[in-house]
Amino acid sequence: MSIFTETPGVPGIAADFSQDNGWTYLVKAVLIIVFLLTSVLIAIWFERRVVARMQLRPGPNVHGPLGLLQSLADAMKLLLKEDITVKAADKFVYLLAPMIAVFCALLTFAVIPFGPEVTIPFTDYSTPAQLTDFPVAVLYILACASLGVYGIVLGGWSSGSTYPLLGSVRSTAQVISYELAMGLSLVTVFIMAGSMSTSQIVDSQQSLWWFLPLLPAFVVYVISMIGETNRLPFDLPEAEGELVSGFMTEYSSMKFAWFFLAEYINMINVSAVATTLFLGGWRAPWPLSAINDGMFNEGWWPILWFLVKMWALLFMFVWVRGTLLRMRYDQFMKLGWKILIPVALGWLVLVAVAQGLRQFADVDTQTFLVVSGVVAIVLVAVIWFWPDASKKPEPETGDDEPEEFDAFADGFPVPPLPGQKLPPSARRRRVVAAESGAAHAVDTEEENRG
Amino acid sequence: MSPGEDVLFWVLAPLMVLVSFGLLVARKAVHVAICMVFVMIGFAVLYIALEAPFLGVVQIVVYTGAVMMLFLFVLMLVGVDASSSLVETIRGQRWIGVILALGLGVILSGVVVQTVFPPAVGLAEANSVTNPVGLARVLMSDYVLAMEVVGIVLITAAVSALVLTHKRRLTPARGQKEIADAKVAALPQGGRLTPLAAPGVYAQNNAMDTPALDPQGRPIAESVSRVLRIRGQQREATDVLLGEHGLVERTSTVAEPEGSAPDEEER
């Protein structure tokens with residue numbers, strides 16, 4: 001605690017914590033935990049209702065108004081269930097794992113800015129709507145996420161059972177490969193914003209939110225954040241169809257509830273990080289931000305924009321879950337290593353070169369943006385209209401010489417493929433013969449019978 | 001040192017030393033890994049307290065998050081019950097080890113006790129442009145050559161590991177389509193499109209060794225594992241069905257002893 005209170009004006013961060021003391025930090029920390037826990041309750045209800053809506057059914061609607069108290073009832077049920085520790089488990093690690101998962105999930109929000117300076121009502125005490133910030137805040141978020149995986153990995157291992165072990169091995173591989181892509185896409189934001197502090201990054205998005213100029217990085221981040229939180233279509237560590245429920249198969253009651261809690265808090269975490277880094281953080285969206293000299297960017301309003309953006313991303317999580325199927329494991333790894341990482345790496349090099357040009361060659365920002373936009377459009381057009389050398393020959397050869405069609409390939413009646421023609425049917429030949437001459441037809445038929 | 005920093009150090013340092021003893025004592029490899037992770041996190045916290053936040057956070061991201069995770073990945077495959085054996089492979093190994101460790105301890109404590117640290121200077125100037133920026137300026141200007149060389153060496157190591165472990169595929173890969181085509185092609189020779197039937201489930205019996213019944217009520221031989229069939233350990237479906245019939249008789253006689261006679265005649 002004392003490290004932060006004694007160095008109030010830390011250079012490199014935009015938020016000013018000079019008025020804060022230990023009590024402010026305590027109150028903020030408690031508020032954040034309360035916010036996270038209630039958000040999880042609402043997120044579970046939200047997810048079930050929205051998915052139900054997408055599947056044309058009502059969803060939970062019995063307990064409380066619109067079924068809002070359903071997740072509370074579920075939490076109570078989990079609390080009161082029998083707590084089973086399996087015989088083959090490694091007792092200490094078995095208990096430790098869910099704690100690690102939840103603890104690390106709770107850490108991220110310490111550096112997320114909910115808003116700029118807010119004044120506590122009825123006083124003139126003003127403080128940033130953020131617990132703390134330091135020059136490497138986003139790296140700290142990555143560190144917490146990578147520690148949180150230990151919960152999943154150790155939980156699966158300590159259960160002493162096959163499916164949980166497989167689930168945790170999968171989750172290790174998944175996290176290692178997707179964190180690379182995630183980190184690379186975040187680095188481009190660092191390069192553009194010139195800082196790794198969350199308040200500074202939000203500050204740098206005054207005129208333009210980073211998701212527009214850094215669209216590829218944003219897309220890579222969104223894909224890898226779904227992978228990072230083990231959500232459909234990337235929920236391979238807990239794939240019901242394959243691994244019962246993966247790393248948490250042997251967990252019950254409150255320990256299971258902890259894993260459940262950690263998963264939802266992590267969803268909220270990554271959405272908040274995406275909001276802060278790419279979607280302008282607490283800044284009001286464009287037409288609103290211009291009203292009344294930026295009235296909506298001051299005071300308590302920004303917390304509303306932050307929450308709206310965060311819940312929009314949570315809605316996207318649910319939407320993706322309601323739309324996409326679980327991927328096969330090898331396809332998933334291919335996507336991570338052969339597509340996401342190269343794309344993120346290539347984009348990082350591009351952004352670094354561009355930023356270097358801007359800084360060292362002293363190019364005006366507007367001309368730079370226009371020139372790079374034109375270059376990008378030309379490139380896309382060239383790639384789009386480039387004659388595809390590998391694909392063209394195939395249909396041509398197909399057109400030129402129609403293949404011999406074997407109607408009974410491998411001993412089974414088969415339809416013709418595109419480019420092949422059905423041979424005239426034997427029955428049709430008979431009809432034609434019948435039409436050509438009645439006398440002949442009678443003869444042939446008799447011949448046939450004979 | 002501020003009092004807060006003092007408290008942090010004196011809480012964390014003994015804990016770290018205790019846990020690193022666990023590294024020596026623990027039998028299971030995964031417990032050792034957990035101790036290691038704890039010590040690493042302790043280091044990171046101390047780095048941050050000493051105003052090197054970049055180093056502290058990178059320590060967790062790189063070492064704890066990636067390197068230890070890879071270690072754990074391998075260790076986990078050993079299984080939960082595996083623990084290392086305590087049999088000496090070299091005679092007297094243990095005593096030699098203890099003596100050498102004591103000697104090292106004496107030398108280290110002698111050096112540490114004798115060292116006098118001068119007061120730290122230059123931290124404020126070094127961190128005046130924020131810690132990561134100051135570090136970047138040092139690394140990317142004064143030591144840029146060393147950085148690049150290290151980078152090249154690491155990439156060479158990674159690529160050579162890939163080259164050394166790479167196996168060229170001898171046969172073309174069999175994808176979903178090829179497997180499906182092969183199944184269809186094998187049909188005239190008695191192949192099948194569907195997976196084998198699962199073993200049978202009966203009212204009293206649900207085991208690997210009982211065959212399932214097809215829609216006509218005939219037992220399907222392939223539904224029992226091939227190994228059991230070759231060993232002659234499969235059970236006959238008729239035995240199971242007869243046993244169940246017998247059960248029906250017995251229960252019906254228990255339930256209504258008077259009216260049981262006509263029932264039995266019917267059968």
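This is a predicted model: local features need pLDDT of at least 70, side-chain atom pairs count only at pLDDT 80 or more; totals for chains, interfaces and linings use all residues.
Residues are numbered from 1 along each chain as its sequence is written, chains are lettered from A and ligands numbered from 1 in the order in which they are written, and side-chain values use heavy atoms, with hydrogens and water left out.

**The two chains**

Colour chain A by secondary structure to find 17 helices and two strands, these being DSSP runs numbered from the N terminus (helices: H or I, at least four residues; strands: E, at least two). Of the 450 residues in chain A, 45% are buried, where buried means under 20% relative accessible area, exposed over 50%, and partly exposed in between (1.4 Å probe, protein chains only). When contacts (heavy atoms within 4.5 Å) between residues of chain A at least 6 apart in sequence are taken, 75% of them join residues at least 24 apart.

Now select chain B, which has 11 helices and two strands, arranged from the N terminus as α-α-α-α-α-α-α-α-β-β-α-α-α. In chain B, 19% of the 267 residues are buried, and 45% of the contacts between residues at least 6 apart in sequence join residues at least 24 apart.

**The second largest pocket**

Next, go to the second largest pocket, whose volume is about 1600 Å³. On a 1 Å grid over the protein atoms alone, a pocket is an open set of points where a 1.4 Å probe fits, with protein on both sides within 12 Å along at least five of seven lines, and lining residues have an atom within 4 Å of a point. To centre the view, select Phe103(A), Leu107(A), Tyr140(A), Ile41(B) and Val45(B), the closest to the pocket's centre of the 45 residues that line it. The elements giving two or more residues to this lining include helix H4 (91–107) and helix H5 (137–158) of chain A, as well as helix H2 (29–49) of chain B; H2(B) gives the most, with 11 residues.

**Two loop residues with positive phi**

Select Leu66(A), in the loop between H2 and helix H3 (70–80) of chain A, where phi is near 60°. Leu66(A) is exposed, at 54% relative accessibility. Most residues other than glycine have a negative phi.

Finally, move to Asn230(A), in the loop between helix H8 (215–228) and helix H9 (240–243) of chain A, which also has a positive phi, of about 55°. Buried or exposed, where does Asn230(A) fall? Asn230(A) is buried, because its relative accessible area is 5%. Show its neighbours, among them Ile152(A), Pro237(A) and Phe247(A), which Asn230(A) touches.

Key:
Grid points are joined across faces, edges and corners, and a volume is the space filled by probe spheres set on the points. Lists of a residue's contacts leave out its neighbours within four places in sequence.
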